[in-house]
Each structure stands twice: as structure tokens, then as C-alpha cells.
Amino acid sequence: MTSSAFMNTLAGKKTTQTPIWVMRQAGRYLTEYRAVRQNQKDFISFCLNPEKASEVTLQPIKRFDFDAAIIFSDILMLPWALDRNVHFITGAGPRLTPLSLDTNLDDKLLDQIEKRLSPVGRAIELTRLSLSVNKPLIGFAGAPWTVITYMIEGGSSRDFAETRQWLWLNPKEFEALFDYMTQATINFLSIQARSGADVLMLFDSWASAVPAERRDQFIVAPVRKIVRALREQGNKQPIIGFPKGIGEGIIAYSEKAEIDALAIDHMADAEWVDKVLPENMPVQGNLDPLSLLTGGSQMMNSIDYILDSFKDRPHIFNLGHGITPLTPIANVEQMVQQVRKS
Ligand code: CP3
């Protein structure tokens with residue numbers, strides 16, 4: 001177990017230094033990442049190569065001395081392990097065989113997760129050995145809703161039309177699919193917790209697509225179920241929830257999902273967030289990745305606004321979503337400097 005400003009913040013304490021890391025920090029904006037990526041056959045086998053996954057996990061720590069590492073993997077490794085035929089096509093993103101109503105998701109596949117995703121556990125073990133003790137390592141999974149959108153749509157989507165039609169037209173099958181993927185997510189996070197992840201994070205990147213009246217059912221409840229199951233297994237790692245784009249929904253989420261910290265997107269106003277969240281609830285976020293890409297004085301002002309809004313609350317500085325491939329390194333350096341100066 002590591003002790004650091006990052007862990008203290010997650011424990012609900014206000015620290016003198018605001019810790020910082022960046023979502024998708026191991027990625028294409030880094031030349032050293034592109035150099036490794038170039039020699040990989042495909043993205044899935046890259047994620048399943050513990051040595052390479054560990055190497056790129058450490059790259060952003062070496063370069064920027066971020067306060068936490070996040071294991072190099074993907075939320076779509078879970079559908080891959082469930083035989084959903086996941087491929088990443090350069091320039092086009094992920095492709096999966098879309099689920100149909102009569103697809104049989106066998107319970108036997110749930111037992112297969114342990115073995116098929118053991119390389120992610122191995123990558124965590126290796127990374128933990130190389131990371132200094134004061135740098136926590138984050139393990140993660142997609143939250144059920146977000147992963148299910150990829151499984152139903154067969155890839156990325158703009159409006160999630162198929163998924164929302166399932167929700168309204170086939171509620172029974174939809175709920176069964178949720179139960180199944182909730183269990184699968186527990187299995188995946190459990191491997192990572194046992195392998196030495198210090199923190200766990202649930203990415204619900206497309207939570208914004210759930211109609212408000214169904215948020216409790218499809219965003220809050222599955223996450224609470226995952227948190228409770230992990231706790232019952234004896235895992236004590238703090239858990240960060242990221243229900244992206246749900247606006248006022250973060251109030252109910254932070255009260256009912258039983259997560260330890262809330263990651264917020266850049267559409268949420270920091271000052272408002274600070275006002276409405278339970279006292280001492282740790283918050284992570286929320287610079288617009290495009291503000292970081294653009295840089296300059298607007299970025300500095302945005303950073304200061306975020307820091308100032310959360311000055312009385314446990315706060316981890318981060319972006320409101322993943323860093324984009326064209327982001328200049330110099331801007332990242334400037335952001336880190338500005339956060340550390342405060
Ligand atoms: O944060 C990190 O550095 C750890 C690595 C990480 C990746 N994916 C690696 C990756 C994390 C935390 C993720 C999570 C993830 N993956 C999410 C949730 C966070 C978010 O951004 O909303 C989602 C929705 C995915 C699904 C996914 N993976 C898509 C849609 C794509 C294709 C789009 C793209 O950016 O290329 C990926 C591929 C992916 N996952 C890349 C990386 C570094 C780029 C692929 C490459 O290098 O070839």
C-alpha cells in the first residue's frame with residue numbers, strides 16, 4: 001500500500017499539493033508511445049503483452065512525474081474476453097459483432113474472464129514492481145452501460161439509438177444483459193485488485209445517453225453493485241466513478257453509488273459541483289482536453305478556476321475526458337507546473 005497525496009486525497013483529506021494525472025495519459029500524443037505501438041501487431045495483443053503494457057504505463061510517469069499511473073489496457077478487453085470479436089481498426093476505432101436479442105451470453109464465459117484477462121493482472125504486477133512506492137497504480141473497467149453500448153452498437157456511436165431502443169423495447173433482455181455485464185465487470189476488477197492495483201476506476205463515458213428517469217437503474221445501481229461485491233471480497237482500494245455528462249445527476253450518483261471519489265467532465269461547472277456535492281467527497285477533474293490542446297492564457301485561467309473552486313475540498317487535478325492525440329507536450333508540462341505551483 002502506498003502513502004501519497006493522491007491516496008490521502010482519495011481518503012477524503014485535503015492535501016497541501018493537489019495531485020495530478022491525466023485520463024488516457026499513455027497514448028498517441030507521446031512519441032515514445034507511438035514508437036512502441038508501431039511494432040505491435042494489433043491493439044488487443046498489445047494490451048495482452050504484460051511487458052509492453054507495463055512499459056507504456058510507465059512512460060507518462062517518467063516524462064511528467066504524474067502522481068498516479070493507470071494500467072495500459074482498455075474497457076473493451078472485457079467484451080473481447082467474452083468472445084464478442086473485438087477489433088481496433090486504425091483510424092476507425094473499435095468494431096465488435098453487435099449483440100442481437102438471441103445472442104446467448106453463456107455463464108461459462110464469465111469464468112473464462114479470469115484466465116483470458118490474467119495478462120492484465122500480470123501487467124499490474126510488473127508495473128507495481130517498477131513504480132516507486134509513492135506512485136499509486138490505477139486499475140479500471142468500463143461501467144456496464146458504456147461497455148454495453150459498444151456491444152449493442154458494434155462500435156462507437158453518436159446517438160446510441162440501438163441501445164436506447166433495447167432499453168425501451170426489450171427491458172427484460174436489457175436487464176439480464178446488465179446483470180451479466182455487472183458480474184463480468186466485478187470479475188475483471190477483482191483480478192486487477194488482487195494483482196496489486198492501489199485504486200480502481202469505473203469509466204461510464206457515455207452515461208449522458210441514458211434518459212434521466214433511468215439513470216438510477218442503469219448508471220447508479222450497477223456501479224453500487226460492483227462496489228459492494230468488491231468490498232465483500234475484501235478489496236479495500238478506493239474506487240473512482242466517472243459518470244460522464246450526467247449534469248445534475250452527479251448529486252444522486254455521489255450519494256448513492258457508494259464510490260469513494262467522483263470524476264467530473266468539463267461540461268460540469270467546478271464552482272457548482274463544489275456547492276452541490278457532499279462535504280469532503282473527493283473530486284477529480286475537469287479541464288477540457290481541448291483547452292489543454294490549445295494552451296496559452298485561456299488554459300492557465302481554466303486551471304486556476306478549477307483549483308480555486310476546489311480549494312476547500314479533496315481534489316485530484318485531471319481532464320474532463322481523455323487527452324487527445326494532437327496535444328502538444330509543452331502544454332502538458334505547463335499544466336503540471338501550474339497545478340504544482342498552487
Ligand atoms: O489512461 C490510460 O493511459 C490507460 C489506457 C486507456 C486506454 N483506453 C488505452 C487506449 C484507458 C483508461 C482507456 C479507456 C477507454 N477505452 C474508454 C473510457 C475512457 C474514455 O476515453 O471515454 C473508452 C470509451 C475506450 C474505448 C476505446 N479504446 C475507443 C473508442 C478507442 C478508439 C479511439 C481512439 O482513441 O483511438 C480505443 C483505443 C485506445 N485505447 C487507444 C488507447 C491508447 C488508442 C489506440 C491506439 O493506440 O492504437
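**Aromatic cluster**

I began with the aromatic residues and found that Tyr33, Phe43, Phe46, Phe72 and Phe88 form one aromatic cluster. I noted that the model is predicted, that local features need pLDDT of at least 70 and side-chain atom pairs pLDDT 80 or more, while totals for chains, interfaces and linings use all residues. Residues are numbered from 1 along each chain as its sequence is written, and side-chain values use heavy atoms, with hydrogens and water left out.

I recorded the pairing rule: rings of Phe, Tyr and Trp (its six-membered ring) pair if their centres lie within 6.5 Å, and planes under 30 degrees apart count as stacked, over 60 as edge-to-face and the rest as tilted. Which kind of pair do phenylalanine 46 and phenylalanine 72 form? Their ring centres are 4.7 Å apart and their planes stand at 40 degrees, so the pair is tilted. Phenylalanine 46 belongs to helix α3 (residues 43–47), whereas phenylalanine 72 sits in the loop between β1 (69–70) and α5 (77–81), 26 residues apart. I took helices (H or I, at least four residues) and strands (E, at least two) as DSSP runs, numbered from the N terminus.

I then looked up burial, where buried means under 20% relative accessible area, exposed over 50% and partly exposed in between (1.4 Å probe, protein chains only). Phenylalanine 46 is buried at 0%, and phenylalanine 72 is buried at 7%.

A further pair is phenylalanine 178 with phenylalanine 218, whose centres are 4.7 Å apart and whose planes meet at 45 degrees, so this pair is tilted. Phenylalanine 178 lies in helix α10 (residues 171–195) and phenylalanine 218 in helix α11 (residues 215–232), so the pair ties together parts 40 residues apart in sequence. I found both phenylalanine 178 and phenylalanine 218 buried.

**Ligand**

A polar backbone atom of alanine 26 is 2.9 Å from a ligand oxygen atom. A polar side-chain atom of arginine 37 lies 2.7 Å from an oxygen atom of the ligand. For aspartate 74, a side-chain N or O atom is 2.7 Å from a nitrogen atom of the ligand. Taken alone the ligand exposes 860 Å², of which the protein buries 88%; these accessible areas come from the Shrake-Rupley method with a 1.4 Å probe.

**Sheet**

Finally I traced an open sheet of seven strands in the order β1-β4-β5-β6-β7-β8-β9, with parallel pairing. Two strands pair if DSSP finds at least two bridges between them. Which strands stand at the edges? They are β1 and β9 (315–319), each with a single partner strand, so one side of each is left without a neighbour in the sheet.

Two bridges join β1 to the parallel strand β4 (residues 137–142); alanine 69 has leucine 137 in β4 as its bridge partner. Strand β7 (residues 261–263) pairs with β8 in the parallel sense over two bridges, and leucine 262 stands opposite valine 283 in β8. Strand β8 (residues 283–287) is mostly covered, with five of its five residues buried.

Note on methods: A polar contact is a pair of N or O atoms within 3.5 Å; within protein, one must be able to donate a hydrogen and the other to accept it, and residues adjacent in sequence count only if both atoms are side-chain atoms.
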